[in-house]
Structure formats: structure tokens, C-alpha cells
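Hello,

Here is the structure we talked about handing over. Please take a look, then read my notes below.

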Amino acid sequence: MLKTQELALNMGPVHPSTHGVYRCVLTLDGEYIQKAVNHIGYLHRGLEKLAESRTYNQFIPYTDRLDYCSGLANELAYVMAVEKLLGIEEEIPERAQYLRVICAELQRLASHGICVGSFALDIAGSTGFFYSFRERDRVLELITRIGGNRLTPNYMRMGGVAWDLDEDFFKELKQLMDEFPAYLDEYDGLLTGNEILQTRSIGVAPVSKEMALSYGFTGPNLRACGVDSDLRRDEPYGIYDRFKFDVPVCKNGDTFDRFCMRIREMRESVKIIQQALKDIPEGPVMAKVPKVIKPPVGEVFHRIENAKGHLGFHLVSDGSTKPYRTRIYSPTFVMLGAFPEMAKGTHIMDAVLILASIDIVLGEVDR
Amino acid sequence: MQILINLADGIRGWIIGMGLSDTSAEMILTAIGALGAVIFILLHVIILLLAERRVSAAFQLRRGPNRLGPLGIGQVFADVVKTLAKEDIIPAGADKFVFKIASTTLFATALLAYAVIPFGDGMIIQNLNIGIFYFIAIGSTATLSILMGGFASNNKYALIGGMRAVAQMISYEVPMVFSLLGVVMLTGSLKMSDIVMAQKDMWFIVPQFIAFFVYYIAATAEINRAPFDLAEGEQELIAGYFIEYSGIRWALFMMAEYANMVAVSAIAVTLFLGGWNAPFGLTFIPGFVWFLIKIYLMLFTFLWVRWTFPRLRIDHLMHFGWKFLIPVSLANIVVTGIGIYVYRMITG
């Protein structure tokens, strides 16, 4: 009999297909994974510790850099948590609320654009990557007009948003939203309908409802397993209860379903933005908030439905201008914990796809 | 293109006139022909290097290299100079001899295949009696070079890449051979010039379109091009079997890949697309030029397929090769045989 041996392969921190600096040590039997061990922390910047020596306002740019694919949404989560602590949720002007919804949904489009694109890149259909980044670039240009920066706009403030946006912005936004569904049909044609992609991702790493709930999946990964849960509809924050949108749910929870969820959610985001553009009123964009923010002693946990899942901020205040403790609940950190079980028994090429379908962003995993 | 034939006759006459025998004249002419083939390969490699980047950019709404020279032609020189100037790194623990000869042997096998390609009427380096059989045999030897490169690199990624390449290339030789058998049956001979002459009235792609389809897929798998480039799967294996090669050794791998691509296109053109025969009787353009035009069309389809489709997984690839392509190509042979028999019965 031939003696065989298991191979320990290091998908190192420098690898074209780990989405960031992430290391995974795989034990292979031939080309099938017997064991996968996550090694994270290569991008740990100590954001939670830094928050202890920054005022509440000073910390907003730091939250941009968490999930750097969707900066505005991170800011929104943090700002809403502080507003909850201050007790001024009801005083935020209408226009600011609508602008916040537009920003959050624009970021969802950008973030899902990255997921679709890097999924295509990891499966070697790199033309799909360029197609989805073409749209993401248009969204990023709009975000530049919002905040001056493509990835780190620093736009949300406690009590509203930093400044108002002009007519040109809304005109361009409306034009982009009118053209977007056609682009999504293009992705469906090039990627979702492609037989090779379907063969490679249908039935790969299916996640059952029980496994997803026990690991703490949230967001599109949870909805792909068949659990109908969306914070925007179940526990609406801001003014999300005024918008009509569907919550797409898939059945199997395999890689293909997780990939399809992203495109379907992009369609819903376009609908939300179009509704917001119709209803947005005139008015101020910032409430009367004291210059120095000193929230009362207490703690608050607030979460929003980010593109990746539930992004939550747990703030403990001791009455001073700096928080006593800022804890960031990042969805992809939780879901990466399920990766070893999902990857067990699959082919090494499938492991790359599974990682792409969970859609991790190392900034959020490591903080 | 009579100019090359006249040139060859002229050189032969000159050599014989110098007092050397006939056979030495033939040997010198064959050597010059081989040199011509090398120049042909090198020219096409550098054209393809640039063409691949610009064509893929056109598919992806980009521009491709356009800084150096018009249409980015200077990029070719820049790439060549950069590659030659790189440090030659041999990894510690690698099997030095095997590592060094792997890339050279791959290029050598790619070059050997050009001996039987008919570039035009009478323009074939060696018109062997077993022309197409020789090509298939040479194609099999490329597998060994890739395995050498993967095994000698002392790198797990390279090892996995090399193993995959062996499995893939061996599996897809079978449908490739079977698909070519149909053409050989129709011609009745293995000689390349006979195959081209037999397509004077109708190209073999018409009666053998299934075989062409099978050959195209099997050829893409033989030369490790996408969607079958698992051996160098950039996304998982970061360049697979040639991950540890740098400088001129890496350039030889790349050149061998492009040379293989041109060789396989040339065989497809010769066997299915009429070789150097002009379509629709447009004979004012010489055969050599028609051959080049058809090769460029085939190369464009290779590039097109590469940049459109995702990559197959290794077990899907093996299933596809063994369970679909081989039965289809066998069925093609059976149907071709029956067709020839019926045709002979009808025409008496």
C-alpha cells in the first residue's frame, strides 16, 4: 500500500484570495480540507482601546475604518448609539434622517458590489470583477461628493449629518438609480446564470438554519439559510419603517445562495433609495446638540443592519466626554468563526469561494 | 507565397554549387527552417503578450497598456528587458538540476511540435508520413516538464499545481486524439500536406463540427488555458507549478504556454479550417497569409474564452473529460466510419 500523508498548507497573510491580511492553516488530504484553523489579528489596530482616549466626536472617523467597504454605515451605527445614550433620537430633523437612509443604502450597494466582484475574481471570471467595480466606482464618486473621500467620508454627526447636499448630487443619484437595475441584470447574465459558477457553488458548504443561528450568523448569510430576519423591518431604526421593500430569503444556505443574496439585496436598496429621493423634505440637517457631548452615566447597545450583518456598538459612559468602554460587535468576526466547520471536507478551491461568499473584511474582523 | 519556396530553392542550389552533397543541403535547409520556426514563435509570443492584455482590457472596459509607444507596443520591450534583468532565484532545498531544466524542456517540447505544421504550400519543415501522430506524441511530453517544475520547487503550492496538471493533461489527451481521428479517417492519411489538400473543396469543420468542438475544449485543457488553468490557478495556488521561477526561467514557461497556444491553433486550422486553402476561392491572397489570418482568429477565440468564463474545479474537469468528451468523441468516430462506408456504397 502506498503511504499517504496529510499536507499542512498555509494560506498566508499574503495571498491573492484571502480578503485582506488573514491567515488560514489548512490540513489537506490530497486536495480536500481535513482541518482549517483561522489566524486573525494581522490588522488589529486597537480601535476599542483608542476609543477610551477620544471624545465621542473624535471617534467617528475611526469607525469609518472598521469595515472600510462601507464607511458611512459604520458611522451611522456609532452615531445612533451615542444619540440613544444622549436621549436625542426624537430630535433628529427629517431631512437628516432621509439623508442617513440614502447614505446607508448607497453603502450597501458599494459593499455588495465588492462581494460580487471579488467572488467573480476568486472564481477566475475576472471580467465580472471589472463590471461590478464599474458600478461601485460610480457609487464611490457619489460618496466623494458626500464626504470628500471615497472610502472614509466622515459625514455623520451626533444629531444629524454634517452638511446638506446640493441639487446636483440628487440629480446624479437619481440617474444612477434609474440605470442600476440594468447593470444588475448584466451581473445576472454574466455571473449568476453562468453554468460553471453554478456548478462550483451550488451545494458547496450548505449551512443549516440551526447551525447559522448557533454560530450567530446575521445579515445576508443568515437570510441565505432560510431565516427571515432583517433589522430594518423587524426593529426599525431611524425612519426605516416608512419604506416598502422586500427581504429576500433563500433556501439552501450554500455558497450560491449567499452569492445570489447580494444581488437581490442590491435591487432592494435601489428601491429604498428611489423612495427616499421622492419623499425627502427640505429643512435643517442637524439638531441642536451641545458642543461638548457629555452623555449621562449609563450604557447602550445599538445595532444596525449593515451590508455584512448586524453591526453593533456597546457604549459605556461614565459621564465624561470620553467613553469608558466602546465595544464593537462585528458580524464578520462572528461568521469567520464558522469558516472551519464550513470548509471541512471541501476542496481547497471551494474554501476560497466560501471565504468570498461569507464576505469578510479584515478591518472589521480585527478592529 | 512563392518567395519562400524560391528562397529555399536558391539556397539549395547555392549549397550544392559549393560542392556539398544533397543530404547536407537538406540538413542545412532544415536547420534554417527550424530557426525560422523559432523566430516565428518568438514573434508571436511577444505579439500575444501585448494582445492578451489589450484584448482582455477591451472586454473589461479598460484600456490595457497604452503608455509606451503607440498602442502600447513599447510594452513588449519593457517586459522583455524587465524579465531578463531579474535575479535568478533558486529556492533552498529545491532539486537544482530538475528545477533548472524544467522550463527549458517545456519550451523545447513546444518548439518540437512546429516541425510538422504546414505554413503554406510546400512550407513545412519536415513532411513526415506520420505528421499528425508525431504532433500528438510530442504534446504528451509537455506533461513531464510541468511535473518536474512542480515537484522540484520544494513548495507545496507548486506540488499541488504540478499534480493537478498531470491529471488534467493526461486525461484530456484521449479526447484530443479521438477528435483528430475523424479527420484522419476522412483523409485516409496521417500526412499533414495530404490533410490540407483534402480540404480543397470543403473544410473539415463542416462534416466534423462535433470533433472540432471536442478538439477545441481538449486543446484548451492540454495547454492549461482558462477555463482549465487549474495548474496555475492564480486564485488558490498563486501560480501553481511555476510559483518559484523568476526571470528568464519564468519567461520560458510563459513562452512555452504561448507557443503551445499557437501550435494548437495551427493544428486546428490545418485539420479543421482548411490549412492554407483560401475560402471562397480568394486565391489572390497567398496561402501563407490565409494561414496566419486563420490562426489569429483561433487565438482570439482562446483569449475570448479565457476572459469570459470562470474556472472549473478539478473533479468537475475530470468528470467532464472522462464522462462526456470521450463518449462524444468515440461516437463521432463511429458515425464518421458509418458515414464513409455509406458514402462509398452510394458512389460505388
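**Confidence and what was found**

Chain B has a mean pLDDT of 84, and 97% of its residues reach 70 or more. pLDDT is the predictor's confidence in each residue, from 0 to 100. For the complex, the predictor gives an ipTM of 0.79 and a pTM of 0.85.

This is a predicted model: local features need pLDDT of at least 70, side-chain atom pairs count only at pLDDT 80 or more, and totals for chains, interfaces and linings use all residues. Residues are numbered from 1 along each chain as its sequence is written, while chains are lettered from A and ligands numbered from 1 in the order in which they are written.

Now the interface. On chain B, 21 residues are in contact with 22 residues of chain A (C-beta atoms, placed from the backbone, within 7 Å). Three elements of chain B give two or more residues to this side: α6 (156-187), α10 (287-308) and α11 (314-347). Helices are DSSP runs of H or I with at least four residues, and strands are runs of E with at least two, numbered from the N terminus. By class, that side of chain B has eleven nonpolar, four polar and six charged residues. Ala, Val, Leu, Ile, Met, Phe, Trp, Tyr, Cys and Pro count as nonpolar, Asp, Glu, Lys and Arg as charged, and the others, Gly among them, as polar.

Next, chain A. It holds an open sheet of three strands, in the order β1-β2-β3, with antiparallel pairing (pairing needs at least two DSSP bridges between two strands). β1 (7-11) and β3 (32-39) of chain A are the edge strands. Strand β2 (residues 23-29) of chain A pairs with β3(A) over seven bridges. A:T27 has A:K35 in β3(A) as its bridge partner.

Best wishes

Notes
Contact = placed C-beta atoms within 7 Å.
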